[in-house]
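Here's a quick briefing on one protein structure, covering how some of its helices cross and what lines one of its pockets. Have a look at it first, then read on.

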Amino acid sequence: MIDQQLAEIANLAIVVTIVLYVLALIGFAADLASTSQRRSDERLAAREKHEEQSRGQETSAEAALPATVGASGGTGAHVAGDAQASAGAAVGSQGAGGGDVAGTDGAAAASTPSAATAGAAASGSMTAQNFAFILASAATVLHIVGVALRAVATQRVPWANMYEFATTSTAVVMAAFLIFSIKRTDLRALGTFVVGPVLLTMLLAQTLWIVPAAELTPSLQNSHWIYIHIAVAILSTALSILGAVVASLQLLQARHERALMLKAEAGEQFPEHWGRFGHVLDRLPSSTALEALSFRIHSVAFVCWTFTLIFGAIWAREAWGRYWGWDPKEVWTFIIWVIYAAYLHARATGGFRGSRAAGLALAGFVAVVFNYTIVNTVINGLHSYSGL
């Protein structure tokens, strides 16, 4: 028996969740924008200070030149030579000092956002990032409540169609992101790039894929594998979404770092790349750190996709009398598994890391998206459970 009133409450909870995610996205974006502006101002101030110090050093060097250059006699020449040597040493010393000062200024400028953040945390003030994180946490709790209410209203697991699968998997994505961010606060800078795809998926689910609460179709009833197989598939999809976000940022960060390195080697004192967006990337972890995180996420995702295939084959044997029948959903799940297996194998070799490995991981995510959208809605098969 379906409780339609409770199902409406569950849907209302999802709608409020979307609103909170919008506010959290605005907060994370505002944090990145303020950081970008602050770093731009710091670079400009450091550049102006460095130029001012250079001009001051040149003036001091000119003033230190001795007035007795034209004096005659061996002693005078010797004194002039000593004076000139002393002046040259002074200029060199000042130049070295200026370089140290410039380096110190650059380091101070680079560390100012961290210091500002630490100071804000120490004083207990609310930053845009902290506010956004709190909103995202509240939204995730309400998101999970909405999914649970849907399950109670239908008296079954809340993943029997595309709408329910989308709302449940995005809840898992946000829960995983929040758990990671509690242990590593630097990952909160990724909030914009995680909440954005989650919000897009939920908007699609709420506008295009939503269906009324209903009982399970006969082919899904009376089987415990719907609890196991689909639950693992949801976890696999959620980890693939997180991994794709990290891999995309890794590609951008790697290109940004290469451009900055080339400009620094060309002699630029304060290299910049991509303007304010480059300053946003400066806030994120390095490409190496992002690659390591992407590899860990995709490693777990690959294990989950493996069990998705295995449990699906066992369920197919019980439901249709065969383990494998080349159904479109089966084929594309296998394609996903092969791509992620190739990614892990390539990543384990020394010559296939960095951007090439990230590109292969993103190819796997493209296959996930195709499997979830096109296969569910366009290609007919035994796994057509979209509910649309």
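A crossing of two helices is called right-handed if the near helix is turned clockwise from the far one by less than a right angle, and left-handed if it is turned anticlockwise. Keep in mind that this is a predicted model. With that term in hand, let's start with two helix pairs.

**α5 and α6**
- α5 passes α6 in a right-handed crossing.
- On the α5 side, the contact is made by Phe193, Val194 and Pro197, and they meet Leu242, Val245 and Leu249 of α6.
- Sorted by class, that contact has six nonpolar residues, with no polar and no charged ones.
- The two helices pack at an angle of about 135°, and their axes are 10 Å apart.
- α5 and α6 are therefore oblique to each other.

**α6 and α8**
- α6 also pairs with α8 (residues 287–320): their axes come within 7 Å and cross at roughly 155°.
- Angles over 145 degrees count as roughly antiparallel, so that's what α6 is to α8.
- This crossing is left-handed.
- The contact of α6 with α8 has 25 nonpolar, 12 polar and three charged residues.

**The second largest pocket**
- This pocket has a volume of about 350 Å³.
- It's lined by 17 residues, and the closest to its centre are Thr201, Ile241, Phe365, Val369 and Tyr372.
- Which helices each supply at least two residues of the lining? They are α4 (162–183), α5 (191–209), α6 (225–265) and α10 (355–377).
- The lining splits into 13 nonpolar and four polar residues, with no charged ones.

Note on methods
Residues are numbered from 1 along each chain as its sequence is written. This is a predicted model: local features need pLDDT of at least 70, side-chain atom pairs count only at pLDDT 80 or more; totals for chains, interfaces and linings use all residues. Side-chain values use heavy atoms; hydrogens and water are left out. On a 1 Å grid over the protein atoms alone, a cavity is a set of points where a 1.4 Å probe fits but cannot get out, and a pocket is an open set with protein on both sides within 12 Å along at least five of seven lines; lining residues have an atom within 4 Å of a point. Grid points are joined across faces, edges and corners, and a volume is the space filled by probe spheres set on the points. Helices (H or I, at least four residues) and strands (E, at least two) are DSSP runs, numbered from the N terminus. Ala, Val, Leu, Ile, Met, Phe, Trp, Tyr, Cys and Pro count as nonpolar, Asp, Glu, Lys and Arg as charged, and the others, Gly among them, as polar. Axes are lines fitted to C-alpha atoms, for helices over the stretch in contact, and angles run from 0 to 180 degrees between N-to-C directions. Angles under 35 degrees count as roughly parallel, over 145 as roughly antiparallel, 65 to 115 as roughly perpendicular and the rest as oblique. Contact means heavy atoms within 4.5 Å.
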